[in-house]
Structures are given as structure tokens and as C-alpha cells.
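Hi,

Here is the structure I promised to pass on. Have a look at it first, and then read my notes below.

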Amino acid sequence: MPEYEKAMRPEDITRLFVERSNAGDAAGVAALYEEGAVMAYPPGGRTVGREAIRALWEKVLAGRPRFEQEQPLPTLISGDIALTSTPPKDGSGARAQVVRRQPDGSWLRLLDQPEFVPPTR
């Protein structure tokens, strides 16, 4: 696997995700996740493990979608665990990720909820 820039702050992961996704780099996106990470995608399903996340992103990025950087909400950090989140620009719910500090001080995603919408009444 090529050497990728590491996320040295939890907030860096979102920037790196956008850069790598827009470059069509599924392996680079997957490198932002721990080996056993869990992603709540596709909607209603789960993708488990870095290799499965890479395969999923290969399919998604084949359509050449464009991602824009979204303004993050404040990061919550407790020791080596952090919660990052962003409200989508279209106002359709939120995105949230649990990230964990690695032994080298960098951060990787452990849990990823890429989109969810507020409950309807």
C-alpha cells in the first residue's frame, strides 16, 4: 500500500477523505479506516473491514462523484477516542464518525455513519 498522509487531528480525516475521493483513490479512502472499522453504508446496511470499505468505495468512486468539504461541528475527544460530525450542506440530516488515536499519534475511523436523517414524526 502506498504511503499516505496521516490524519494527525481527528478533523483531518474529513479533509483527506474529500481529497482522496475526488481523486478517485478508493485505497486512499480505505486507508483512513482501522482494519476492523464498521461503516453504516449502503443505507440500511453495513460494510465491515478496511478491505470491504475499499471495495465499496471502488464502486462508488467509479461514478466520479464530487465531494465538497463540509464545515465540521466541534470535535468531542475523550482520551484516544473522538467523535467527529458534519451537517451536510443540503441540510439533510448529519454525518458522524468515531475515530481512534493510533500508536503513532495519527487518527483513523473506527465507526462511520456517513448519513442519517432526523426521525420523522
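The cut-offs are under 20% relative accessible area for buried, over 50% for exposed, and partly exposed in between, using a 1.4 Å probe and protein chains only.

Before going further, some ground rules. This is a predicted model, so local features need pLDDT of at least 70 and side-chain atom pairs count only at pLDDT 80 or more, while totals for chains, interfaces and linings use all residues. Residues are numbered from 1 along each chain as its sequence is written, and side-chain values use heavy atoms, with hydrogens and water left out.

**The aromatic rings**

A pair of aromatic rings is described by the distance of the centres and the angle of the planes. Here, rings of Phe, Tyr and Trp (its six-membered ring) pair if their centres lie within 6.5 Å; planes under 30 degrees apart are stacked, over 60 edge-to-face, and the rest tilted. That rule gives three aromatic pairs. One of them is Phe-17 with Trp-57, which is edge-to-face at 5.2 Å centre to centre, with 75 degrees between the planes. This pair links distant parts of the chain: Phe-17 belongs to helix α1 (residues 12-22) and Trp-57 to helix α3 (residues 50-62), 40 residues apart. Helices (H or I, at least four residues) and strands (E, at least two) are DSSP runs, numbered from the N terminus.

And what about Trp-57, buried or exposed? Trp-57 counts as buried, because its relative accessibility is 6%. Trp-57 also pairs with Phe-67: the ring centres are 6.0 Å apart and the planes at 65 degrees, so this pair is edge-to-face. Since Trp-57 lies in α3 and Phe-67 in the loop between α3 and β3 (76-78), the pair ties together parts that are ten residues apart in sequence. Phe-67 counts as partly exposed, at 24% relative accessibility. Ring pairs join Phe-17, Trp-57 and Phe-67 into a cluster.

There is a charge to look at too: Arg-109 lies over the face of Phe-17, 5.5 Å from the ring centre. (For that, NZ of Lys or CZ of Arg must be within 6 Å of the ring centre and within 35 degrees of the ring normal.)

How many residues of α1 are buried? Nine of its eleven, so the helix is mostly covered. Among them are Ile-13, Leu-16, Phe-17 and Val-18. Val-18 has 10% relative accessibility, and its C-alpha is 13 Å from that of Ala-31, 13 residues away in sequence. After α1 comes Gly-24, with a positive phi near 75 degrees.

Over in α3 you'll find Lys-59, which is exposed, with a relative accessible area of 68%.

**Empty space**

Rolling a probe the size of a water molecule over the atoms shows where empty space is left. On a 1 Å grid over the protein atoms alone, a cavity is a set of points where a 1.4 Å probe fits but cannot get out; a pocket is an open set with protein on both sides within 12 Å along at least five of seven lines, and lining residues have an atom within 4 Å of a point. Grid points are joined across faces, edges and corners, and a volume is the space filled by probe spheres set on the points.

The largest pocket has a volume of about 390 Å³. It is lined by 20 residues, and the closest to its centre are Phe-17, Phe-67, Glu-70, Arg-95 and Pro-114. Strand β6 (107-116) gives the largest share of that lining, four residues. The lining divides into nine nonpolar, four polar and seven charged residues. (Ala, Val, Leu, Ile, Met, Phe, Trp, Tyr, Cys and Pro count as nonpolar, Asp, Glu, Lys and Arg as charged, and the others, Gly among them, as polar.)

Strand β4 (residues 81-86) gives the most to its lining, with three residues.

Cheers
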